[in-house]
Amino acid sequence: MSESQSWEPPLSIDRASVPMFPVDALPEPLRSWCIATAEATQTPVDLAALLSLAICSGAVARRFEIVGGRGWIEPVNLYVACLLEPANRKSAVFSAATKPLREIERELIERASPEIARLASDRRIREATQKAAEKKAASGCAESRDTAIALAEELAVEPVPVLPKMIVDDATAEAIEIALNAQGGRLIVAGCEGGLFDVMAGRYSSGVGNLDCFLKGHPCEDLRVERVTRGSIFVERCCLTLAYAVQPDVIRGMAAKPSFRGRGLIGRFMYAVPESLLGKRRINPEPVSERLALAYSSLVRRLSDLRGDGDEPETIRLADDADSCFLEWQAEVERMLAEDGQLEFQKDWGGKLCGLTARLAAVMHLVENNQPEPWRDPVGLGSMESAIRLGRWAIPHAEAMLALMTGHDGVADDARYLLRWVRERLLTHFSRRDAQNHGRRRFDREPERLDSALVLLVDHGWIRPVGGGVPDGPGRPPSPLFEVNPEAIRPVAVAPMARVRGVI
């Protein structure tokens with residue numbers, strides 16, 4: 001073994017730190033509600049912030065759009081995903097964030113049910129009459145023929161009565177398309193189990209993800225679906241809002257899906273990958289006050305009342321100072337997308353960052369502006385500056401999401417696990433068998449994980465292979481032996497971690 005061979009400074013494999021959501025950038029009452037909800041549930045404030053922003057955007061989606069620049073119109077619906085490990089009370093925050101919208105939906109259903117029942121009954125009667133007329137027409141009755149044709153034409157253009165629906169969870173892409181068609185092209189799809197990502201990856205379609213409604217629902221494009229067995233669907237300006245709180249494991253490995261890489265679906269989301277508070281949570285925290293819960297509920301109701309029934313959206317414009325600020329931000333983002341820029345390896349996501357910023361500015365303007373017709377006032381400088389702050393915050397979280405998606409984060413976790421073992425034992429050398437024995441519970445079922453972690457430690461200069469190896473039992477090849485960088489057991493400042501190259 002060559003003990004005298006020099007070592008280069010190792011590259012860090014520490015988890016990249018991500019900033020906490022800048023909750024002070026939110027307008028009231030969102031700000032106070034998010035802070036109180038995070039405290040009551042002992043969860044990162046990022047979770048409540050992203051979910052509540054999505055709910056507010058979904059409440060006004062398809063009703064409004066914002067002028068981003070010359071010839072540039074952006075809808076206001078959001079796609080958000082907050083990634084947290086199990087047992088982080090995602091369901092509690094999700095329930096609190098969606099509660100006002102579900103209450104509104106329930107009230108709409110109660111009011112509409114008698115009329116929907118009457119219309120449905122009337123339609124069934126006419127359908128039965130039409131079928132009876134067809135039978136008589138088949139026997140040569142001209143009058144019945146005319147009746148059957150008239151009723152068929154009438155029923156074909158008349159929409160089938162359905163109950164109001166504002167929010168759904170874990171539905172197939174086909175079910176979402178049908179709901180969009182029935183609900184006037186507007187729908188919120190939300191959940192805290194990650195079922196949507198399974199749907200997008202092809203759970204119900206032989207592994208081939210049906211992404212059209214998710215891809216078209218973000219820019220609010222027309223959706224046309226032709227199916228032999230279920231008939232055609234045409235949804236003009238279909239508008240989806242997606243709000244998800246999921247476990248990181250749902251995301252890991254998604255880079256292997258070509259449809260996600262090639263069609264840009266992942267780049268449409270605003271991500272949060274906050275640090276878990278497990279092990280540091282306060283016991284018996286103060287619940288959200290009735291005053292704040294009512295303020296948040298009233299806000300969602302006010303925004304929902306702006307939805308209207310018209311097909312033509314209202315356009316929101318930027319004030320002059322907000323427009324100048326936004327132009328500067330666009331130029332800054334463009335530089336980030338260049339070679340060696342911060343967004344060089346996240347071009348798909350980074351290319352949509354300015355559009356996300358415009359949407360956030362519009363949502364915060366509508367939250368803050370309590371006038372009967374808030375779209376008549378331009379978005380002010382304050383709303384735009386706050387939206388840009390959220391855009392800056394989102395960049396490192398998208399980078400963290402990229403590390404999860406490509407599997408780099410999981411390999412790095414395993415490498416950090418081995419490095420902690422090396423430091424605790426003050427090891428200067430170890431064999432692969434030693435590492436396997438130490439991490440038996442972690443690596444026995446997936447031995448390739450151990451090899452990937454060792455490769456990462458070698459690549460980052462923490463260990464290096466030593467020729468020969470050590471015997472691993474009769475008839476078995478020797479177990480590879482590794483020498484440990486002295487810096488591993490004498491911690492000092494290390495070089496920055498190499499940037500992750502990926503697909504976002």
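Q: Among contacts in the chain between residues at least 6 apart in sequence, what percentage join residues at least 24 apart?

A: In this predicted model, 76% of the contacts between residues at least 6 apart in sequence join residues that are at least 24 apart. The chain itself has 19 helices and 13 strands, and buried residues make up 49% of its 504 residues.

Q: Why is His218 called buried?

A: The relative accessible area of His218 is 10%, and buried means a value under 20%, so His218 counts as buried. His218 is found in the loop between α7 and β6, where, leaving aside residues up to four places away in sequence, it touches Pro75, Asn77, Tyr79, Arg268 and Arg359. The C-alpha atoms of His218 and Leu242, which are 24 residues apart along the chain, are separated by 8.9 Å.

Q: What makes Asp222 partly exposed?

A: Asp222 has a relative accessible area of 35%; since buried means under 20% and exposed means over 50%, with partly exposed in between, Asp222 is called partly exposed. The place of Asp222 is in the loop between α7 (212-217) and β6 (223-227), and together with Glu221, Glu236 and Glu312 it forms a negative surface patch.

Q: How do you know that Asp24 forms a salt bridge with Arg389?

A: The closest N and O atoms of Asp24 and Arg389 are 3.0 Å apart, and a salt bridge requires a side-chain nitrogen of Lys or Arg within 4 Å of a carboxyl oxygen of Asp or Glu, so the pair of Asp24 and Arg389 qualifies as a salt bridge. This pair links distant parts of the chain, with Asp24 in the segment before α1 (30-41) and Arg389 in helix α14 (residues 381-405), 365 residues apart. Asp24, at 45% relative accessibility, counts as partly exposed, and Arg389, at 37%, also counts as partly exposed. A search of the whole structure finds 22 salt bridges.

Q: Why can the pair of Arg126 and Glu158 be said to tie together parts of the chain that are apart in sequence?

A: Arg126 forms a salt bridge with Glu158, in which the closest N and O atoms are 2.6 Å apart. Arg126 lies in helix α3 (residues 90-138) and Glu158 in the loop between α4 (142-157) and β4 (167-168), so the pair ties together parts that are 32 residues apart in sequence. Arg126 counts as buried because its relative accessibility is 14%, which falls under the 20% limit, whereas Glu158, at 28%, is partly exposed. Both residues also belong to a network of salt bridges that links Asp122, Arg123, Arg126, Glu127, Glu154 and Glu158.

Q: What makes the contact between Arg392 and Glu332 a salt bridge?

A: The side chains of Arg392 and Glu332 meet at 2.5 Å, N to O, and because this value is within the 4 Å cut-off, the pair is called a salt bridge. The pair links distant parts of the chain, since Arg392 is in helix α14 and Glu332 in helix α11 (residues 320-337), 60 residues apart. Arg392 counts as partly exposed at 42% relative accessibility, and Glu332 counts as partly exposed at 22%.

Q: Why is Ala87 called exposed?

A: Ala87 has a relative accessible area of 56%, and because exposed means over 50%, Ala87 is called exposed. The place of Ala87 is in the loop between β3 (79-83) and α3, and its phi is near 70 degrees, a positive value in a residue other than glycine. Most residues other than glycine have a negative phi. Arg89, which lies in the loop between β3 and α3, has a positive phi of about 60 degrees although it is not a glycine; at 37% relative accessibility, Arg89 counts as partly exposed.

Q: What is the peptide bond from Glu28 to Pro29, cis or trans?

A: The peptide bond from Glu28 to Pro29 is cis, with omega near 5 degrees, and the place of Pro29 is in the segment before α1. Most peptide bonds are trans.

Key: Residues are numbered from 1 along each chain as its sequence is written. This is a predicted model: local features need pLDDT of at least 70, side-chain atom pairs count only at pLDDT 80 or more; totals for chains, interfaces and linings use all residues. Side-chain values use heavy atoms; hydrogens and water are left out. Patches are made of residues with over 30% relative accessible area and no salt bridge: like charges are joined within 9 Å, nonpolar side chains (Val, Leu, Ile, Met, Phe, Trp, Tyr) within 5 Å. Accessible areas come from the Shrake-Rupley method with a 1.4 Å probe; for residues, only the protein chains shown count as cover. Lys and Arg count as positive and Asp and Glu as negative; His and the chain ends are not counted. The place of a charge is taken as NZ of Lys, CZ of Arg, CG of Asp or CD of Glu. Helices (H or I, at least four residues) and strands (E, at least two) are DSSP runs, numbered from the N terminus. Buried means under 20% relative accessible area, exposed over 50%, partly exposed in between (1.4 Å probe, protein chains only). Contact means heavy atoms within 4.5 Å.
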